[in-house]
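The following note sets out several points for a reader who is meeting this structure for the first time. Please consider them alongside the sequence and the model.

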Amino acid sequence: MRLKGYKAKIVSILLILTMVFSQSTTVFASANPEDAAEPTAPAAIEAPAPAPAPAEKPKAEEPKAQPTDSTVDKASKSEEATEVTEEAKAEENTEAKADTETTAAAEAEETEATTIEAEEEAVRPAQVLKVTAGDGAVITVRAPDGALEDGASVRAKRVNSSSVENAVENAVEAEGHNLVGMKAYDITIINADGKEVQPDKTVKVTISNTGLGSDGENTVYHVAGGNAKKVADVASGNKATFSTPHFSIYAVTDEEVAGKLATYEFYVGDNKVSTQIAKEGEKLVAPEVPTSEGKSFVGWTIDGEVINLDDYTSVGNDQTISVKAKFADSLYVYFYNADGSKIMKTEVVTDHKSHDFSAVTYDAGSTKKVTGFAAAPNGKKNIADAITVPEGETGINVYGIEVEGVWISFDADGGVAVNPEFLNAGEGIKLPTTTKNGYK
C-alpha cells in the first residue's frame, strides 16, 4: 500500500515537471532580442518526451534570460520530487532486504530445531532394563521412545523398614484387608554418566519372583513420606506389573479380605473397663470379675441378657456393642460344721432359686468325712443338691453331715498314684489297683 502511494506521487510530479518545462521554453524564447526582431512566427515548442529525467535542465541559447521567481519555485519543487522518489525507492529496497533476511533467519531456526529434535530422539530409544534384587526378585523396566537416555540402567534394593511396613499395613487395613506378606524395593534409574534420573515418560515396571503367595489379593503401593498409596491391583500371582512416571520405594503385598469387625466395650456402671475388637466368629476374653459393695456379680450382659463369655463368639457386622456388668443383692449360704459351732465355708447367690451345692465339702478331721448338708445341726437328711435362700431373707444356714471312719492312703511304690479312700466304721474296703512301667 505504501509503494502504491509513492508511485502516485511520482506520476503527479512528472506531470508538473512537464508543464514547467513547457512554460520555461516559452519564457526563454520571448526574452531573446534577436528572436523578437524576426518577423517570422515563433518557433514551435517540441513536446516533451514521456517521463523525462527530473535532474536535467533545458539549455538556452546565449544570452540567457534571467529566470523568473515562478521558474525558480517550479525548479525547486522538481528537485524535491526527485528526492522523494529516490527516498521511496531506497525505503522499498530496505524493506525488501529486511523481509528477505527475516525469512532466511526463520528458515534457519526451523532447520536447527528440527535437527536438535532429531538428535534428541536419536539418543532416547525404547529400552528394556532388568535387574535382580538381593532376595532374588527380578525388576524389569520397559521404557518407550523418548523416556530415557541411551545407556540407562536400573538398580533395585530390598527395603526392610518398620516405617515402610507400618505405612503399607495402614493402607492395607484402610482397604478392609489383612496384610499377609509384603516385599518392598527401592528402585532407581541410572544414566550413562552414573547419575540417578527420572524418566521423561511413563514406563512399565514388572516385579516378579517375589516369593509372595498367589492365593490372596496382590497389590502394589508407592511409599513416600511415611505414607503408602495404592498404585495398582494385580492378579497374576507371583508377578506384579504397574506403570509409573517416577521411581522410589514400591511395595508388593499379599492380602486377604478381612472379616467383619465388631468393637465390644465393657462397662461397670458408667466406667468403661475394657475394649475388645474381634472379627466375626472370634471369642471374647472375660475381663476381671468386678465387685460392688453389698452386691454380687451376676455376669456380663448384652441388651440385658446375661452371656457366657466362654461360649460367646463375635458377631462382627462392623458395629460397637456395649457389654455391661450385672449385679444383684448378695444372698449368702453359710456352711457350718455338724453341731453349728463353726462356719466352715460361705457361698453367695443372687436369687432365691434352688442351687446345687453337692460338691461343697470341708475338712472334718482324720476320722470323719462330710457326706452332705442338713437343714439343722446334727441333721441326717441331705439337702445339698437343692439349697434355697428363702424369700425376704439374705442368707441361709446349713450343717454338715459327718460320719465316723478312717481315711486309708495307698503307697503305689513307684506306680500310678491312688487317691485316699474313706472307710466308714464297721465297713470293709476293696483294695484299688495300680500300674507300673515294666511290671504286670
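1. A residue is called buried under 20% relative accessible area, exposed over 50%, and partly exposed in between (1.4 Å probe, protein chains only). Asp413 is exposed, at a relative accessible area of 56%. The model is predicted: local features need pLDDT of at least 70, side-chain atom pairs count only at pLDDT 80 or more, and totals for chains, interfaces and linings use all residues. Residues are numbered from 1 along each chain as its sequence is written, and side-chain values use heavy atoms, with hydrogens and water left out.

2. Asp413 lies in the loop between strand 21 (395–408) and strand 22 (421–424); strands (E, at least two residues) are DSSP runs numbered from the N terminus. Its phi is positive, near 50°, in a residue other than glycine. Asn378, also not a glycine, has a positive phi of about 60° and sits in the loop between strand 19 (368–374) and strand 20 (387–388).

3. Four strands form an open antiparallel sheet in the order 1-2-6-9, where pairing requires at least two DSSP bridges between two strands. Strand 1 (127–132) and strand 9 (239–244) are the edges, each pairing on one side only. Strand 6 (203–208) pairs with strand 9 over six bridges, and Thr206 has Thr241 of strand 9 as its bridge partner.

4. Beyond its neighbours within four places in sequence, Ile187 is in contact (heavy atoms within 4.5 Å) with residues including Ile139, Val154, Val205 and Tyr250.
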